Amino acid sequence: MKQNPVITTNALAIGYLLKGGRRKVVHEGLDLQLRAGEVTCLLGLNGAGKSTLLRTLCGFQPPLQGEIYLSGKALDSYSRASFAMTLGVVLTEKTNAGGLTVYELVSLGRHPYTGFWGRLREADRQIIEDSMEAVGITHKASQFVSELSDGERQKAMIAKVLAQQCPVILLDEPTAFLDVTSRIETMALLHRLAVEQQKAILLSTHDLDLAIQMADCLWLLAKDKPMVAGSPEDLILQGAFTSFFDRGMIHFDSLTGKLNLVQKNQPVLVRGESNLVYWLGNALKRNGFDPMENDHADIEITAQTSSRMLLHQVGREPQTFTSVASLMEYLKDMSSFIHN
Amino acid sequence: MKNRIALLPLLSVCLVLLFGLSLVYGAVSIPLREVIDILCGKGSSSPAWEYIVWQARLPQVVTALFAGASLAVSGLLLQTLFRNPLAGPSILGISDGANLGVAAVLLYWGGSISQVSDFPITGYVAVILAALLGAFAILGIIIYFSSKVKNNVMLLIIGIMIGYMASSLISILNYYAAADRVHAFVMWGLGNFSAVSMEQLPFFSIVSVTGLLLSVLLIKPLNALLLGEMYAANLGVKVKQARMQILFCTGLLTAIVTAFCGPISFIGLAVPHIARLLLGTSNHKLLVPATILAGSCVALLCNLLMVVPGSNTILPLNAVTPMLGAPVIIYVIINRKNIQYFN
């Protein structure tokens, strides 16, 4: 059973008002639906209008045309305070919060709920504790934000947005400056929050792999094309990615969900255990060969173990290699010899 | 957290001590007993001493107290608003604006802050109004540019440039003014806490306290603004309104102090850093009161250092403040990697 969408847009046009009343339309005709309990990733190349769309949905800039409904109410009918309780953001904007403790930072999320002096009541404190607990940063509560790693800082910002208790959370490239493990951690955290707390989460990202792996829904945005939305798997199988990302030498491989460099390559047949075949394929692709598993080729590799690989070539004795690196070195030398 | 709050009473004790010391210690030496007697209303053996304590020292010390707090708070507000630790009323050209206003009155129309000259009652009122006008004019220009220029360092440089332009106008006014007026303006420009008479003191204090109270009312939006204007807006802060309130408060505080005490450098820039370094926090709930107290303490300390021991001369205030302020700023810049509020 699908949830009712928390954000819907109707023929939305986004962009900027220029001087003299002229308009620069970045994208138009957007009919979006953001659902609760799901992580939605907004993908697109630079200049496709990801940031403009996010800013428009956050209320930072007005739409040029069309309507945005947030929890069934028109976005512009919200008061500042009730909007702050409905939609929370995590941005890439540089903050000056280094001199606050994590607790103080997260407590800023209670801002829309507290009175004139910002005094925290017992209920507020409980919510702050719970928010820190949910992202796993409780042990850092009394440390300064400046002492955190990038990943921890992002967690603290997510805790802030949780303390804001909004049903909708929008994040602008939350994984951009993080290392690999923090990226996966952050995405897993967001997914867990979407499911456990029934939040509607929308984030923009350049991380194609991670988006395909973790998102329930993808929004593909490209210049001069209608936006495409759907589950990653549906989009891949329908070939939507191919038309969005294929450009020049770049090709979207719908089998692996990866972007590849397209080259005219010499085919190499690889046989062996699947793990060995996969990684040999990885090395072969990088070095300009085209790995295949069940065809005929002039070059064949039989991988017996990771330290014993046999190379068969037409009209030559089989050769044994003890590592992928030495095998690749030999193949590269050989192909440069042939090409020259 | 607990020992950080403990600094507030500590600063208060410092303030009381400095306040008392400033009443007792001055260019004219008066025995402690006598000062206490005079302040308790018991009178003194010397009418001159009584006059000095009531009409010179007391207003001067109270002026220093409020002027220091006012300048320090304007610095703090500007640093938070522009998210730049090197912002301050003198750097952003706001003091120069007030300067220009004062210069126009003092040099061109011959008004005066202390003595009554061409237009008796309106003398110092005209100076104050001109200072306010000048400060807000520059603030207006800065606000205009702050919507055009997103980079805070660039904005700071624009502020410095506008300050130069104001200074150049002041030079022109100086060039054409009569010698005695130039002298009066130069003396005013050296800065001092002694120009506020006992009669003017209530007015000065009320305006200053109003500005300080206003800054206390802004604590909640100031904290949200630490995250930047977009985050603050998402937390429900009316950013435009908050920005105007902060700038109005800054302009009011800077203008009133500049009008009466001259353009005092470095207190606005350095004291917020002293407060943050002492407290180790950017949370304005502690920082605003700490900055008020520290500003008063630093101003009183400067007021004491102005007295040259063993002689009855007084150094200009602006000869003392950079000696205290500049090393703080250099320390902060050199150690910025280790100071949390920078990161």
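In chain A, strand S16 (residues 299–305) and strand S17 (residues 308–313) run antiparallel to each other and are joined over six bridges; strands here are DSSP E runs of at least two residues, helices are H or I runs of at least four residues, and both are numbered from the N terminus. Pairing means that DSSP finds at least two bridges between two strands. Within this pair, A:Ile301 has A:Leu311 of S17(A) as its bridge partner. The model is a predicted one, with local features needing pLDDT of at least 70 and side-chain atom pairs counting only at pLDDT 80 or more, while totals for chains, interfaces and linings use all residues. Residues are numbered from 1 along each chain as its sequence is written, and chains are lettered from A and ligands numbered from 1 in the order in which they are written.

Both strands sit in an open, mixed sheet of five strands in chain A, ordered S15-S14-S16-S17-S18. Its edges are S15 (289–292) and S18 (319–321) of chain A, each pairing on one side only. On average, neighbouring strands are turned by 30° against each other, direction ignored. Helix H10 (residues 274–286) of chain A lies across S14 (266–272), S15 and S16 of chain A, at about 160° to S14(A); axes are lines fitted to C-alpha atoms, for helices over the stretch in contact, with angles from 0 to 180 degrees between N-to-C directions.

Turning to the chain contact, 26 residues of chain A meet 22 residues of chain B, contact meaning C-beta atoms, placed from the backbone, within 7 Å. On the chain B side, H10 (219–225) and H11 (229–234) each supply at least two residues, and H11(B) gives the largest share, four residues.

Definitions and conventions:
Contact = placed C-beta atoms within 7 Å.
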